Amino acid sequence: MPNRRDSYIFGQAQSAPAEKPVQRPEACPFCQSKAVSTLAKVITASTYWRCQSCGDMWNPERLERATRLPRRGSSW
Ligand SMILES: [Zn+2]
């Protein structure tokens, strides 16, 4: 079964890079709309998402920082 073995090795090699795959956000963190989309082909922590409902943009990396600190209104 060469295919299975190859994919196993490939999976091991993939664990090293900093950009690990992340889950697609279920909803907009601001208005909870499910109408979120991205232009990125590969979803990582730095992938930008756009909410079609409120028009806000974010990425998981940035959102994590934003939720840890108090949000300062007009900064973004
Ligand atoms: Zn929204």
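Which residues make up the largest nonpolar core? Let's take a look at this predicted model.

## The nonpolar core

Five residues form the largest nonpolar core: Cys-28, Val-36, Trp-49, Cys-51 and Trp-58. In soluble globular proteins, nonpolar side chains tend to be buried together.

Leaving aside residues up to four places away in sequence, Cys-28 touches Ser-33, Val-36, Cys-51, Cys-54 and Trp-58.

## The zinc site

Two members of that core, Cys-28 and Cys-51, also turn up at the zinc ion, where the protein donors are the SG atoms of Cys-28, Cys-31, Cys-51 and Cys-54. These donors lie 2.3 to 2.4 Å from the metal. Along the chain, the donor residues follow the spacing C-x2-C-x19-C-x2-C.

The arrangement is tetrahedral because the four donor atoms subtend angles of 105 to 117° around the zinc ion. For comparison, the ideal angle for four tetrahedral donors is 109.5 degrees.

Cys-51 counts as buried because its relative accessibility is 0%, whereas Cys-54, at 38% relative accessibility, counts as partly exposed. As for disulfides, the structure holds zero.

Note on methods
Residues numbered from 1 in each chain as written. Predicted model: local features only at pLDDT ≥ 70, side-chain atom pairs only at ≥ 80, totals over all residues. Heavy atoms only, no water. Core = buried A, V, L, I, M, F, W, Y, C linked by side-chain atoms within 4.5 Å. Buried < 20%, exposed > 50% of the residue type's maximum accessible area, 1.4 Å probe, protein only. Contact = heavy atoms within 4.5 Å. Donors = N, O, S within 2.8 Å, 3.2 Å for Na, K, Ca; no water. Tetrahedral: all angles 85-135°; square planar, octahedral: opposite > 155°, others 65-115°. Disulfide = S-S within 2.5 Å.
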